[in-house]
Amino acid sequence: MSKSKETSTIKTAVLPAKSGTKKAILDFLKNAMDKKNFDAVIIPMRVPAGDSFVYVLIKDVSLLKDAFPLSPVMSVQGARVVSSVTRLGKGDMKIAAVMRPCEIRATIELAKFGQVDLENVTLISMDCPGVMPISDFLSDPEKGMKLFDDAVTSWDDSIMRPVCKICDKSSMIAGDIHIGTLGAKKDTFFMIPKTQKGNDTLEKSDIKIDADLDEWHNKVTTLSEEKKKKRNSANKDLKVKTGGIDNLIDTFSQCINCHNCMKVCPICFCRLCYFDSENVKHSAENYLQIAENKGSIRFLPDTILFQTGRMMHMSVSCVSCGSCEDACPASIPVGQIFSMIADETQKAFDYVSGRDINEPTPLVAYKKDELHEMEDAHD
Amino acid sequence: MTKALKINKNAEQGIKEFLRFLLESGKVKGVFSLKKINKEGAVAYSLITDPKDLEDSVPFYPVMPVTAGSLLSRFTLKGSPDKPVVAVMRPCELRGFVELVKREQGSFENVFTISMTCGGVYPLDMAVDKKIEKNLPKYWDAVKKSEIPADVRTACKGCTEFKPYTADITVDLVGNKDIDKQCIILLNTKNGESLADGMDAEFLEKKLDTKKLDVLLDKRAVEKKKLFDEIDKKMNGMDGLIDIFGRCIGCHGCMRVCPICYCKLCEFESPDSEYKPSNYNSELKKRGGVRVPPGTMYFQLGRLTHISISCVGCGACDDVCPVGIPVSTIFKKVGESVQKIFNYIPGKDVKESIPLVTFEKEEFIEFEE
Amino acid sequence: MVEDKEFMPKILAFLCNWCSYAGADLAGTSRLKYPPSILPIRVMCSSRIDPLFIIKAYLGGADGVLVAGCHPGDCHYEKGNYYTRRRFALLKKIFEELNMEPDRLMLSWISASEGHKYARVATEFTEKIKKSGESSVKNKIFL
């Protein structure tokens, strides 16, 4: 990635955070709403029972003080949220969406599929320490809050989702504005505009964009490279553990075909999934025929078909958020597996999911001369 | 008294021998049963056609990865088999299938059912954590003594319908002290009798010992009351429901695994339930903020309205919920009370119409003003 | 215009075209007095009412929901209201079990000639809802 070239020429804004970054971000949003730069904000809030966090579309500014820009859990992937708000039209509200980088990236992918209308949406990401697996948080929410706060302070990912622990894109600037906390001087944070919309947003809030980004950029690059090493090593181990048809079948032996993974995946937007359609439903005689060929078959069959089929459909857009793994009732490491495959498939097309809204997804674009290594050359 | 078969092997070996006889004699073309599907002992439902593959079958393994009622529905939805198959399933799974047949989502044609007096199943996460094998001795001990095994599904702890209503064949398990050395197979229907015809085993007249079943029934009824009372305390209007369902992530897993939920396109995933910008505008005007994606409570209340009349209390919803909401307790509690006003027991009789598609000319005056 | 500080409930009323809507019309043409709390929605038959409409109304913040149709036996479509009665009983039971203010739902049979009954039901229901107070659901965010 030519990240280093990009960011060393980008200018940033530096904002004060005397009472902490959280309050500073909420103040920025409040001021922007008071100035009518935004009509509404999509941001996590804690549920009344205190045991989870969900996204809320906030129009009443007084609700902002209870919002959590960086929530400990990701109950619903942010891209699904933006899609639910804008899929049927951009509406007349200017909305700021405050989400994790992987959620922003998934939103960008969904925009390419016509599932999201970004015209009135400003996407704001931040440096992400990861999110806790939701079941860990639920077992003791108060403890979870404390653990998460400590993890943010020390930037320690040991309590986070397995895919978060190996995420090298946790500071990727994919949206309009990125909130940088890494490398910032004490009691300050960066607001880094990426797009014209981001620039305009900051200017309308009277925020000067004239500082250098080097400190943030260096810190982020170092961390990202460490994570990349961890990621490569983890993927290698996972490949050995789950590779080969026998290992794959064993890995998914407890899969109950609930399709939770598909349902929570931001990229899987099909209202009627192929693997729920008539195409995979057969008559009794057909099933008996298949059973007779082998002596017995798992019923319902086609678990591996579903998993690899879903990989085929979405891995070029997978953002490695890990929502699938959180939702799996059989504790299958599906997030890690899909994430590993996604790295490979995206690499094969020199594609990074959510990197650029103008970059078409690999399966709808082609070059006349490419991928010869995949062909069976006879000359 | 019913005709019954006695096989002098432990209950699981006995039923397996019966199933082997059915396959080898050609009386059935296939057997649905739980089966160990790999070396690590993962258990899943399988359709078995080769008698040799019955070796690894574990028909009474206390786990329910998927509700067999949904499986049979999928099996028969696009056409019944030409030759008979037999399915071994728990009473709630069978009741689920009966409710599906009433909704034209399956057929009993050429499908014979073997059920048992049921001691309950363990939740899916125990299977995933490989904790079931070492609990098996304790499990069977409890079944023999008409007790509730510790750690079974919440739904099972309070289940008072553990005796199958409509099975062709019932295996006597609960309260039967001799299940380690003999398998008693009750042939309830003509189909059941014809399946057993020709089997080299002792035939006798027997019926289920209702006294032993009542011992368990009483214990389960006490548990059920406890569970319902506990959840009742949390039911204080909308706030109580928001507390319980607030952490719902909208994965709709509960809906997918529910045997009664068969709709190809669920109302709550259809365009009907999508919010347009104008809907958001009006909600925001009213409330100042709205949870997104919207409709969490609407989904739960709506699903209750749709399926509570037929809820069989299997507990699959609890197992699949990633955030541990006590879905089955709520649905079962509401389900039982709505079923009571119609005097309806879901899955008891496939010829009994679902209460919402029939009516009496005079009824429910107490609901009118 | 004097501002009325007293709580005027918003009661959604589903009225069947042939009986209860005509009855409501009659109440109007007869100049019978009843509070301005009713928001009528005309349906062809009370059996058109999917319980989900009522749930949506309740979640949307309606203070009360009235379902009115022809008297059983007099349904314009023969049997529609029999089904309505069952669905309403089911829904009301669900609301009861969940402690969700079942008294905010009402079922009434009002024929086309019963203008007086319509006015009476509207008045009595409004009084009942006034006593229950405003629905707390209309401000809730985490639905």
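Figure 1. Take the contacts in chain B between residues at least 6 apart in sequence: 75% of them join residues at least 24 apart. Two residues are in contact here if their C-beta atoms, placed from the backbone, lie within 7 Å. This is a predicted model, so local features need pLDDT of at least 70 and side-chain atom pairs count only at pLDDT 80 or more, while totals for chains, interfaces and linings use all residues. Residues are numbered from 1 along each chain as its sequence is written, and chains are lettered from A and ligands numbered from 1 in the order in which they are written.

**Figure 2. The overall build of chain B.** Chain B carries 14 helices and nine strands; these are DSSP runs numbered from the N terminus, helices being H or I with at least four residues and strands E with at least two. Its C-alpha trace spans about 75 × 50 × 40 Å along the principal axes.

**Figure 3. The overall build of chain A.** Here you get 15 helices and eight strands. The C-alpha atoms of chain A fill a box of roughly 70 × 60 × 40 Å along the principal axes. For 379 residues a compact globule would come out near 21 Å in radius of gyration, and the 22 Å of chain A agrees with that. Buried residues make up 47% of chain A. As for contacts with a separation of 6 or more, 73% of those in chain A are between residues 24 or more positions apart.

**Figure 4. H3(A) against H4(A).** H3(A) (78-86) and H4(A) (residues 101-112) pack at an angle of about 45°, with their axes 7 Å apart. Axes are lines fitted to C-alpha atoms, for helices over the stretch in contact, and angles run from 0 to 180 degrees between N-to-C directions. The two helices are therefore oblique to each other. Angles under 35 degrees count as roughly parallel, over 145 as roughly antiparallel, 65 to 115 as roughly perpendicular and the rest as oblique. On the H3(A) side sit Gly78(A), Ala79(A), Val82(A) and Ser83(A), which meet Glu103(A), Ala106(A), Thr107(A) and Leu110(A) of H4(A). By class, that contact has four nonpolar, three polar and one charged residues. Ala, Val, Leu, Ile, Met, Phe, Trp, Tyr, Cys and Pro count as nonpolar, Asp, Glu, Lys and Arg as charged, and the others, Gly among them, as polar.

**Figure 5. H12(B) meets H2(C).** Helix H12 (residues 296-307) of chain B packs on helix H2 (residues 51-59) of chain C at about 150°, with the axes 10 Å apart. That makes H12(B) roughly antiparallel to H2(C). H12(B) brings Met297(B), Tyr298(B), Leu301(B), Gly302(B) and Thr305(B), and H2(C) answers with Pro51(C), Leu52(C), Ile55(C), Lys56(C) and Leu59(C). The tally for this contact is seven nonpolar, two polar and one charged.

**Figure 6. Where chain A touches chain B.** On this interface, 58 residues of chain A are in contact with 63 residues of chain B. H12(A) gives the most to the chain A side, with six residues. That side divides into 31 nonpolar, 15 polar and twelve charged residues.

How values were computed:
Rg over C-alpha atoms; globule rule 2.2 N^0.38 Å. Buried ≥ 20, exposed ≤ 12 C-beta atoms within 10 Å, placed from the backbone.
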